[in-house]
Amino acid sequence: MAAALAPLLFLPGLLNDAVLWRAPIDALADRAAASVADLTLDDSVAAMAHRTLAVAPPRFGLVALSMGGYVAFEILRQAPERVTRLALFDTTAAPETDARAATRRQGMDQLKVGRFAGVTTRLLPTLVHASHVHGPVGEAVKAMAERVGGAAFLRQQRAILDRPDSRPLLPTIRVPTLVAVGEDDRLTPPAQAREIHDGIAGSRLHVLPECGHLPPLERPEAVSALLRDWLAA
């Protein structure tokens, strides 16, 4: 008899949708029953986590990137008994810095008086490795942002700004945990991934070369292989 598929819940980042995770989900179709949470509807990580838990399987593995990582930590605060394993990509457990908060608020203020620009070609180098700015990866990032839209962007930014400090949570995490980050991530650089790894006993850390903030799009085969190994742990 075939083994049952493992329930996996994927959490996107800011201005991302299910396309972020399409390649790993397809690659793991023989191992996992995947679903992707909608993180566009709420303006706090607590509400995002509550909404996600309401429709999630009774127990599940969590795979999260960036803002999705903040929601993953909140899920672990609200219902730790439901999480069987954890994979965190390009995120941080720390709260927002004053400098980043100021930049976010500036972007939010600009949107309130103008048109939502989404992710522009000028912004792409902060999100993906230089080799991916021009081509299908860059186009996919811009298309996701356009689909998510300005109203959801404002809600997500408010949630990110007000997120709690998750560093005290790290020592309480006891499930198999993968921490991965793009070597060239400019938004949540490898030092922040190492802080998470150091805080979660027994976690595995992997740094992906020639990769920025969005490994599922930039390095889909490597991400799929990492997740397959993680599922076997």
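Reader: Is H3 enclosed or open to the outside, and why?
Author: This is a predicted model, and in it H3 is largely enclosed by the rest of the structure, because ten of its twelve residues are buried.

Reader: Which ones are buried?
Author: Met67, Gly68, Gly69, Tyr70, Val71, Ala72, Phe73, Glu74, Ile75 and Leu76.

Reader: And what covers the buried residues of H3?
Author: The cover includes strands E1 (6–11), E3 (60–65) and E4 (83–89). It also includes helices H2 (45–55), H5 (136–161) and H6 (190–199).

Reader: What span should H3 have, and how far apart are its end C-alpha atoms?
Author: H3 covers residues 67–78, and at 1.5 Å a residue it should span 16 Å. The end C-alpha atoms are 17 Å apart, which agrees.

Reader: Cores next. Which residues of the largest nonpolar core touch the most other members?
Author: Val63, Phe89, Val141, Leu214, Leu227 and Trp230, out of 41 residues in that core.

Reader: Which elements supply at least two residues of this core?
Author: Strands E1, E3, E4 and E5 (177–182) do, along with helices H4 (98–113), H5 and H8 (220–232). The largest share comes from H5, with nine residues.

Reader: What is valine 141 in contact with, leaving aside neighbours within four places in sequence?
Author: Val119, Leu124, Leu127, Val128, Leu214 and Leu217. Met67 and Tyr70 are among the buried residues of H3.

Reader: Back to H5. Is glutamine 157 buried or exposed?
Author: Glutamine 157, which has its place in H5, counts as buried at 5% relative accessibility. The cut-off for buried is under 20%.

Reader: What does glutamine 157 touch?
Author: Not counting residues up to four places away in sequence, glutamine 157 touches Leu14, Arg104 and Met108.

Reader: Which residue does arginine 104 form a salt bridge with?
Author: Glutamate 96, with the closest N and O atoms 2.3 Å apart. Arginine 104 counts as buried at 9% relative accessibility, and glutamate 96 counts as buried at 16%.

Reader: How many salt bridges does the structure hold?
Author: Eleven. One of them joins the side chains of aspartate 165 and arginine 167, at 2.8 Å from N to O. Aspartate 165 is partly exposed, with a relative accessible area of 31%, and arginine 167 is partly exposed at 35%.

Reader: How about glutamate 210 and arginine 219?
Author: Their side chains meet in a salt bridge at 3.6 Å, N to O. Glutamate 210 counts as partly exposed at 46% relative accessibility, and arginine 219 is partly exposed at 25%. Elsewhere, salt bridges that share partners join Glu96, Arg104 and Arg163 into one network.

Reader: Now the whole chain. How many helices and strands?
Author: Eight helices and six strands. From the N terminus on, the elements run β-α-β-α-β-α-β-α-α-β-α-β-α-α.

Reader: What is the radius of gyration, and what does the globule rule give?
Author: The radius of gyration is 17 Å, close to the 17 Å that the rule gives for 233 residues, so the chain is as compact as a globular protein of that length. Along its principal axes the C-alpha trace spans about 55 × 35 × 30 Å.

Reader: What share of the residues is buried?
Author: Buried residues make up 51% of the 233. The accessible surface of the chain comes to about 10,500 Å², and 55% of that belongs to carbon and sulfur atoms.

Methods: Residues numbered from 1 in each chain as written. Predicted model: local features only at pLDDT ≥ 70, side-chain atom pairs only at ≥ 80, totals over all residues. Heavy atoms only, no water. Helix = DSSP H or I, 4+ residues; strand = E, 2+ residues; numbered from the N terminus. Expected span 1.5 Å × (residues − 1). Buried < 20%, exposed > 50% of the residue type's maximum accessible area, 1.4 Å probe, protein only. Contact = heavy atoms within 4.5 Å. Salt bridge = Lys/Arg side-chain N within 4 Å of Asp/Glu carboxyl O. Core = buried A, V, L, I, M, F, W, Y, C linked by side-chain atoms within 4.5 Å. Rg over C-alpha atoms; globule rule 2.2 N^0.38 Å. Areas by Shrake-Rupley, 256 points an atom, 1.4 Å probe, with all protein chains shown as cover.
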